[in-house]
Amino acid sequence: MENMLGGGGGGAAGQFPLEQWFYEMPICTRWWTTATVATSILVQCHIITPFQLFYSFRAVFVKSQYWRIITTFLYFGPLNLDLIFHVFFLQRYSRLLEESSGRSPAHFSWLLLFATTILILLSPLLSMPFLGSALSSSLVYIWSRRNPET
């Protein structure tokens, strides 16, 4: 029983396995994963709509809706199995890259900033309103280039 509640074995006392897994994530990965799940829950509960989240040059720079620069990377779709797979890949490869980039989250933050900037610049050419999947795929690509032996 103690192992089920997270009190025995290898974790911190009093933490459930899901809680332990969450707090073991590096900081950038933890925030991105949390924001992604929270965004999908807010859309599922009809508090916000996907139309308020997608990136559009006109909406951002003409109508001053600057939040769209961030929210386009957080929305992967409604709560379903596809979202679970996206969150799994996002968390796994983001965590591996962040842990391999050193002790400071600044290196990984710069990587995210560079990748998001490139994707924002390419978005009008590719007609992609939501860029979360593209960013997740780019992190998988970067990880695979850094680890060609696996």
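This is a predicted model: local features need pLDDT of at least 70, side-chain atom pairs count only at pLDDT 80 or more; totals for chains, interfaces and linings use all residues.
What pattern does the protein chain follow when read along the sequence? The pattern is α-α-α-α-α-α-α, with 7 helices and 0 strands in the protein chain. Here helices (H or I, at least four residues) and strands (E, at least two) are DSSP runs, numbered from the N terminus.

Residues are numbered from 1 along each chain as its sequence is written, and side-chain values use heavy atoms, with hydrogens and water left out.

## Overall picture

Taken along the principal axes, the C-alpha atoms of the protein chain fill a box of roughly 55 × 40 × 25 Å. The protein chain has 150 residues, of which 37% count as buried; buried means under 20% relative accessible area, exposed over 50%, and partly exposed in between (1.4 Å probe, protein chains only). Contact means heavy atoms within 4.5 Å. Among contacts with a separation of 6 or more, 57% come from residues 24 or more positions apart.

## The nonpolar core

A nonpolar core is a set of buried Ala, Val, Leu, Ile, Met, Phe, Trp, Tyr and Cys residues joined through side-chain atoms within 4.5 Å. The largest one has 23 residues, and Trp 32, Phe 108, Leu 135 and Leu 139 have the most contacts inside it. Helix 2, helix 5 (81-100), helix 6 and helix 7 are the elements that give two or more residues to this core. Helix 6 gives the most, with 6 residues.

Leaving aside neighbours within four places in sequence, Trp 32 is in contact with Phe 73, Leu 74, Leu 90, Ser 94, Leu 112, Leu 135, Ser 136 and Leu 139.

## The largest pocket

Rolling a probe the size of a water molecule over the atoms shows where empty space is left. On a 1 Å grid over the protein atoms alone, a cavity is a set of points where a 1.4 Å probe fits but cannot get out, and a pocket is an open set with protein on both sides within 12 Å along at least five of seven lines; lining residues have an atom within 4 Å of a point. Grid points are joined across faces, edges and corners, and a volume is the space filled by probe spheres set on the points.

The largest pocket has a volume of about 300 Å³. Its lining holds 13 residues, and Trp 32, Ile 70, Phe 73, Leu 74 and Thr 116 are the closest to the centre. Helix 2 (27-44), helix 4 (68-71) and helix 6 (105-126) each give two or more residues to this lining, with helix 6 giving the most, 5 residues. By class, the lining has 11 nonpolar, 2 polar and no charged residues. In this scheme Ala, Val, Leu, Ile, Met, Phe, Trp, Tyr, Cys and Pro count as nonpolar, Asp, Glu, Lys and Arg as charged, and the others, Gly among them, as polar.

## Selected residues

The table collects the accessibility of several residues.

| Residue | Relative accessible area | Class |
|---|---|---|
| Cys 28 | 16% | buried |
| Cys 45 | 48% | partly exposed |
| Trp 21 | 33% | partly exposed |
| Ala 134 | 16% | buried |
| Ser 64 | 41% | partly exposed |
| Ser 127 | 62% | exposed |
| Asn 147 | 22% | partly exposed |

Where cysteines are concerned, a search of the whole structure finds 0 disulfides, a disulfide being a pair of cysteine sulfur atoms within 2.5 Å.

Two serines have backbone angles worth a look. Ser 64, in the loop between helix 3 (57-61) and helix 4, has a positive phi near 60 degrees despite being a residue other than glycine. Ser 127, in the loop between helix 6 and helix 7, is not a glycine either, and its positive phi is about 55 degrees.

Trp 21 sits in helix 1 (residues 17-24). Ala 134 belongs to helix 7 and touches Leu 119 and Met 128, leaving out residues up to four places away in sequence.

Finally, Asn 147 lies in the segment after helix 7 (132-146). The C-alpha atoms of Asn 147 and Val 43 are separated by 36 Å, with the two residues 104 residues apart along the chain.
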